[in-house]
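Open the model in your viewer and keep the selection panel handy.

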Amino acid sequence: PDAQILPLDYDPDVSFANCGLPYYLGGVISQREKLLITTPEGLRTRFKLDVRTLSQVESIDRTQKSVQIRNLASNQVYVESYDKLILATGAAPLRPPISGLDLEGVFSLRSMQDSDRIFQALAGANSAVVVGAGFIGLEMVENLRHRKLQVTLVELSAQLLPPMDREMTTPLEEVLKREQVTLHLGDSLETIERTDQGLKVHLKSGLTGTTDIVILGVGVRAENGLAVQAGLAV
């Protein structure tokens, strides 16, 4: 309780309901503010934490016990010292080597800012391709259908929710088909290109199709760049 604690985060938000993001996009959660669990101001007031958002830690000097920080709002770079340093950098969306991932209309869903960008794109969208049939992918499918979009789901595995037993996921396939979701199981996305009609997706099976938006939900990777750079064993 007597420690001076400095939490640093490159996002403007410090704590939000990740699992609620698809339901905000689907309109089930109507207000963006309801996703926020707490705010920087709330943490400062309640716990006297020196919370600094939009603060990107660029490097760690273990000899000097210091970190170099870039203020993303002002682009100012400065150094802070520490007695103890805790890395809680979490994970980042997995981006497979697919041509076209940087095109407008192609998204991953991991943060409030991601949801803001998708929310804007959904305003004029009639169709979507979701890549990945894990939890986030299926939640996105559910909510895109709630918004009356035509939805295609692509999954590399031969079943939905690959970690689960096949017999547990078969009833879910029937639900998706009943909800008029087009399923491509045992297939994968190869390339995306921009055409006059929208985003043209090419699958490994040779199938192609055109859609308004593409949402990737193919998993995450450890956000361990700082740890590796600092020479820690990972």
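**Into the core**

In this predicted model, start with the largest nonpolar core: among its 28 residues, Leu144, Leu153 and Leu176 touch the most other members. Such a core is a set of buried Ala, Val, Leu, Ile, Met, Phe, Trp, Tyr and Cys residues joined through side-chain atoms within 4.5 Å, where buried means under 20% relative accessible area (1.4 Å probe, protein chains only). Next, colour the elements that give two or more residues to this core: α1 (21-25), α3 (112-122), β8 (127-131), α4 (135-146), β9 (150-155) and β14 (213-216). Helices (H or I, at least four residues) and strands (E, at least two) are DSSP runs, numbered from the N terminus. The most comes from α4, with four residues.

Now select Leu144. Leaving aside residues up to four places away in sequence, Leu144 touches Leu122, Ala128, Val130, Leu149, Val151 and Ile215, with contact meaning heavy atoms within 4.5 Å.

**Along β14**

Which way do the side chains of β14 point? Ile213 and Ile215 point one way, Val214 and Leu216 the other, and all are buried. In a regular strand the side chains alternate between the two faces of the sheet.

Show the neighbouring strands next, counting two strands as paired if DSSP finds at least two bridges between them. β7 (residues 106-108) pairs with β14 in the parallel sense over three bridges, and Val106 has Val214 as its bridge partner. β8 and β14 are also parallel, over four bridges; there, Val130 stands opposite Ile215.

**Reading the model**

Residues are numbered from 1 along each chain as its sequence is written, and side-chain values use heavy atoms, with hydrogens and water left out. Local features need pLDDT of at least 70 and side-chain atom pairs count only at pLDDT 80 or more, while totals for chains, interfaces and linings use all residues.

Terms used:
Buried < 20%, exposed > 50% of the residue type's maximum accessible area, 1.4 Å probe, protein only.
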